[in-house]
Amino acid sequence: MINVSNIERFAIKDGPGIRTAVFLKGCPLHCPWCANPETWSTEPLIMHKESVCVSCRECEKVCPVHAVSFEQGSYAVDRTKCIVCGTCVQNCPAQALSVNGTAMSEEEILKEVLKDIDYYEESGGGVTFSGGEPLFQKDAVSLLKAAKQCGLHTAIETTGMVSKQRFREAAPYVDLFLFDIKHIDAAKLKEVTGAGFETIKENFELICSQRGRDVIARIPVIPGFNLEDLDAILAFVRSYPVRGVNLLPFHNFGKTKWHQLQRSYRYDEEKSLSSGELEKYRDDLVSIGG
Ligand code: SF4
Ligand code: SF4
């Protein structure tokens with residue numbers, strides 16, 4: 001079984017053509033700008049929408065393990081107690097609660113993906129596995145293989161922070177690597193995201209040396225993290241024979257999800273970067289939602 005956060009049909013920003021994006025759970029990084037923080041854990045999680053909650057406290061009443069409280073007047077869940085039984089979700093009159101994360105079999109995932117095969121054929125699309133880190137769960141390799149056996153074009157949006165062995169095992173079943181390079185300063189990368197630059201670099205070098213034409217390097221451009229170092233990062237990725245480079249300007253669309261998980265979001269006051277601010281890099285700019 002594979003833990004899935006979300007399956008998004010008709011995705012158009014995660015590779016060529018019309019695609020289905022499958023967001024798998026689990027990530028070894030913890031980037032503070034992450035648009036999908038609900039994918040960090042492989043385990044299912046309760047999410048709470050403050051904006052629709054009517055503060056009836058029904059969730060507190062029905063929780064069998066007393067994980068919910070309203071001590072400061074607002075909802076809080078103790079995730080060390082929560083057993084994700086879903087009782088609160090079923091009893092919430094405002095649909096303010098949901099569980100993120102479903103264990104699915106390979107067949108169930110592919111059945112969902114194959115619903116749009118006609119669109120993939122017409123548009124040159126396929127399936128993109130994203131996350132989190134799509135190769136974090138070991139069964140992801142077998143899922144990729146099964147997707148290829150169905151004749152699908154496959155892409156992964158990878159952090160590169162994967163063991164060399166797993167990366168090598170997965171590579172034959174991947175048609176396109178959307179490979180994140182967030183920073184080339186190992187100490188800064190480690191401090192802010194928890195990622196190890198050596199591992200990422202090894203996987204990047206490996207795949208570029210064998211199949212550079214199938215690699216698009218992606219750089220999320222984050223104020224206060226790498227915006228000032230962008231020229232050096234670009235020079236690094238361009239020293240490899242990649243098919244292309246995408247700059248993904250910072251946006252704060254993930255903010256709501258951070259709040260739904262009761263986590264504080266570092267960029268509450270930070271505005272999304274406009275394309276005008278990155279005008280000199282316009283040839284590489286790609287806007288991306290979610
Ligand atoms: S999912 Fe179950 S255990 Fe978790 S907060 Fe809701 S009722 Fe309590
Ligand atoms: S049951 Fe739903 S609406 Fe009521 S307090 Fe809990 S989350 Fe809010």
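Trainee: Why is glutamate 202 called partly exposed?
Mentor: Glutamate 202 has a relative accessible area of 38%. Buried means under 20%, exposed over 50%, and partly exposed in between, with a 1.4 Å probe and protein chains only. So glutamate 202 is partly exposed.

Trainee: What should I know about the model itself?
Mentor: This is a predicted model, where local features need pLDDT of at least 70, side-chain atom pairs count only at pLDDT 80 or more, and totals for chains, interfaces and linings use all residues. Residues are numbered from 1 along each chain as its sequence is written, chains are lettered from A and ligands numbered from 1 in the order in which they are written, and side-chain values use heavy atoms, without hydrogens and water.

Trainee: What makes glutamate 202 and lysine 164 a salt bridge?
Mentor: Their N to O distance is 3.7 Å. The rule asks for a side-chain nitrogen of Lys or Arg within 4 Å of a carboxyl oxygen of Asp or Glu. So the pair is a salt bridge. The structure holds 13 salt bridges.

Trainee: Which residue does arginine 9 bridge to?
Mentor: Aspartate 116, with the closest N and O atoms 2.8 Å apart. Arginine 9 lies in strand E1 (residues 2-11), and aspartate 116 in the loop between helix H3 (106-114) and helix H4 (117-123). Helices (H or I, at least four residues) and strands (E, at least two) are DSSP runs, numbered from the N terminus.

Trainee: Buried or exposed: how is aspartate 116 classed?
Mentor: Aspartate 116 has 2% relative accessibility, so it counts as buried. Arginine 9, at 36%, counts as partly exposed.

Trainee: Why is the pair of phenylalanine 197 and phenylalanine 236 called tilted?
Mentor: Rings of Phe, Tyr and Trp (its six-membered ring) pair if their centres lie within 6.5 Å; planes under 30 degrees apart count as stacked, over 60 as edge-to-face and the rest as tilted. The centres here are 5.8 Å apart and the planes stand at 55°, so the pair is tilted.

Trainee: What makes phenylalanine 204 and tyrosine 240 edge-to-face?
Mentor: Their planes are at 65° and their centres 5.0 Å apart, so the pair is edge-to-face. Phenylalanine 204, at 0% relative accessibility, counts as buried. Tyrosine 240, at 16%, counts as buried too.

Trainee: Which cluster do these rings belong to?
Mentor: Phe167, Phe177, Phe179, Phe197, Phe204, Phe236 and Tyr240 form one aromatic cluster.
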